[in-house]
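Dear colleague,

I am handing over the structure we spoke about, and you will find the sequence and the model just below.

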Amino acid sequence: MSVDLNGIRAELERAPLVSPYPVELARAVVSDMLRLARLVPPSRGAWEEWARARGRPLMNEQLGMLAHILASTSLREAAVRTLRDRAIGPEKTLPSFFDKVAPLTAEMIRANAFRQEEFLRRFVEWLGGEVQGESRKQMERRLEQLDYRKTLDEYARAEKAREAEAARRAKLLQEAAQREADARGWRE
Amino acid sequence: MSEAPGTPEAIRVAWQAAQEVWDMRVTLSPPEPLGRAKGSSHWQGDEPLAYIDMEKRQVVVNLPLLEKLGAGDSLTAVLAHEIGHHVRFPHTLGLAASLSVLEKRLIPGLGSSLLNLFFDLLVNEHVGRTRRDELIAVYRGFVAQAGGGLDPLFAYYLALYEELWGQEPGTLLPAAVEEAMETQHPGFRSDARVFVQTFYALTRIHSQFVYFCSQFIRYIPDPSKLAFRIPLGHDLPMPGPDDFDGVVRGYGEDETDDALREARENGWLKESGLVEGKEEDPLATIDRITQHMPGHGQAAFRQALVSRHYKRLVDQYILKLPAPPGPREPVLPSVLEDWEWGDNPASIDWTGSVVTQGPLASLRPQRRDLLPDEPPPEEDSFPAVEIYLDTSGSMPNPAQSLNAMTLAAQILAASAIRKQGLVRGIVYSSGKPLLSDWMREEETARLFLLNYAGGGTDYPFPLLKRLSAERPDAIRVVISDSDFLYNASPAGAMDALAYGIEHSRLLVAFLAADRASCAKVLAPVLGRPKFKLATVKSLDGFAAAAAELADALIPERR
């Protein structure tokens, strides 16, 4: 089942989040999606256990954003259709979705187009769905591009070169600033 | 069926579609092909792809070039790009001026502004949501034309679009260039990726601009020599004096401060080596604004900004006037008279000649002179004020730093003119002094008094004698510092001063000097009823003292 990502983002733009979803409500919205897909939703204990697990300090706010997206866009319908075909129960794999989006805060997902796209693509990936108009390879490639942790790692690798360039540039610009100040001449 | 490219109908359809990209109606004239518009707008460059004249609200597009780039189908995207400049980025040239000043503060001596590229990135993000492939075709066409020789700035710029539009590396940037860039600038690709994912997430435009500068500077080897040729990279007009004057008055100041604070907190400035130019006085800002402008028109631009700044300073001291009179015309046309052989041919008024003489106009042309706008008879009794302004090198150039003497002279002049008086300026240093006509208009007087010589100090006593003889009813004010005392010391000079005093309604020596020294040197004239000595201890006090002096010398008209 393919998901129209651009369409969903346009729908999201038209339905701004007014206030954060309470955790209980967010769990209920996600559980409803699973029920509609004829799947057994996680128990209260399972939700709490997942949120307590190491490396998932932001899970509840991410869950709130997921609930908002499901409640206000056609993603829920697409998710239900896709999940119906899945054999493995979500309680087995849902935590893996939250692990992949672990560093994303709710604010990032709400306000940063790239982080929102990453969040949505990770969800589609978890669903096992496809992005409309893209091949599997293109989807993987885009997710790789959007992986901020990986990008920052690569960025940090060239730090030394960048530092040396910055020091040289600072000197150049300070000299230029001095030249301009000198050209202005007399100061009271 | 789509229209043939370049036909009026195709342009109309593309224009319609381009407006839909921004989902709003715009008050712009329909686009014009380049050939028809060139020569009548702000565009100075060679062979632009398209540009928008925000003064005339006219989009111009170079259709043959678009075809040559193999991007004939991209007309809608190009027009949408230009509309984007009008409706969103920058929308007003005031914002462009504010960012331009910030840019000059961050990158002193920058050879060519990056502001257009900055706005292009913002516009293309929006246009690319629906017209991505059309924009890609334009940039690809340009890369093909460049034959692979791309400068680092353009290469980085293209890599940004590849990342923004989720394209594979190589879509816009040739692989060989990418490889070279990675060697010269390790981490080039991750730079582009991090830029795109950070830049578009920032919510305030000033912050976006500081971040933009901090990243782009890496790809500018020598900022002072920067020049680039990037499609649509020079399609915005430059802000005008009004826009920059707004910035000098503080427009965008808070936003700039917030952006610089954010940049400091995030380490953008330190990591990039950008300098955070300190907050400076308005004249230094004006200097920055005008420093790297093309020679043509730079002086007039600077003078307009400096003049407005001094006007505000003058107003601080004398705005208390209850009802300043409306400005006078500097000159008025006279009635028509017959032009005769020997008269100046420039004085012929051909329109007037044709209207009054009909077909005989060329045989009997009429002349019209421009005369000073004389006040009504009841104002004739008002004294004229002659201001002798010392502009020697001991004081700064008023266009670059605040010159307290120039300001004092302007305050006196403005006070007199607002009270319906006449003013004449004598700006002196060493050598021949500058002498104005009698002036009745504030702006004219202000601009004249902004003249500066910057040499030695040599008070023009012969001129004082001549002018005193011509107009003994004038009030004369000498604005100088202790140098005037040296000038007045010789016997001949003191005689001329005495003559000037006797042939004036009043002569005031308004000096920044020690009163005791003044009293000693000027002792021969000090007791005369038509001579007054006014001193200020420091230059800071000049302006306030000038306002008080003006009040005392030039009474309110009843």
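**Where the two chains meet**

The contact draws on 31 residues of chain A and 51 residues of chain B. Please bear in mind from the start that this is a predicted model, and that what follows was computed from its atoms. Together, chain A and chain B bury about 3300 Å² between them, with 49% of that area on carbon and sulfur atoms.

As for the polar side of this interface, the rule finds nine residue pairs in polar contact across chain A and chain B, with both residues at pLDDT 80 or more. Three salt bridges are found across the interface of chain A and chain B as well, and one that can be named pairs the side chains of A:R162 and B:D191, at 3.0 Å from N to O. On the side of chain A that touches chain B, the elements giving two or more residues are α8 (113-127), α9 (136-146), α10 (148-157) and α11 (159-184) of chain A. Of these, α11(A) provides the largest share, with 14 residues. Sorted by class, the residues on that side of chain A comprise 15 nonpolar, four polar and 12 charged.

**A helix pair in chain B**

Within chain B, helix α9 (residues 188-199) packs against helix α10 (residues 205-216) at an angle of about 175°, and their axes lie 11 Å apart. Because angles over 145 degrees count as roughly antiparallel, α9(B) is roughly antiparallel to α10(B). From α9(B) the contact takes B:V194, B:F195, B:T198 and B:F199, while α10(B) contributes B:Q208, B:Y211, B:F212, B:Q215 and B:F216. By class, six residues in this contact are nonpolar and three are polar, with no charged residues.

**Salt bridges and backbone details**

Over all chains, the structure holds 50 salt bridges. One within chain A joins A:R81 to A:E77, with the closest N and O atoms 3.4 Å apart; both residues belong to helix α5 (residues 75-84) of chain A, where they are four residues apart, or about one turn of the helix.

Two points in the backbone of chain B may deserve a look when you open the model. The peptide bond that joins B:F89 and B:P90 is cis, with omega at about 5°, and B:P90 sits in the loop between α4 (75-87) and α5 (93-106) of chain B. B:H91, which lies in the loop between α4 and α5 of chain B, has a phi near 75°, a positive value in a residue other than glycine.

With best regards

Key: Residues numbered from 1 in each chain as written. Chains lettered and ligands numbered in written order. Predicted model: local features only at pLDDT ≥ 70, side-chain atom pairs only at ≥ 80, totals over all residues. Heavy atoms only, no water. Contact = heavy atoms within 4.5 Å. Buried area = accessible area lost by both parts, 1.4 Å probe. Salt bridge = Lys/Arg side-chain N within 4 Å of Asp/Glu carboxyl O. Polar contact = N/O pair within 3.5 Å; in protein donor to acceptor, adjacent residues only side chain to side chain. Nonpolar A, V, L, I, M, F, W, Y, C, P; charged D, E, K, R; others polar. Axes fitted to C-alpha atoms, helices over the stretch in contact; angles between N-to-C directions. Parallel < 35°, antiparallel > 145°, perpendicular 65-115°, else oblique.
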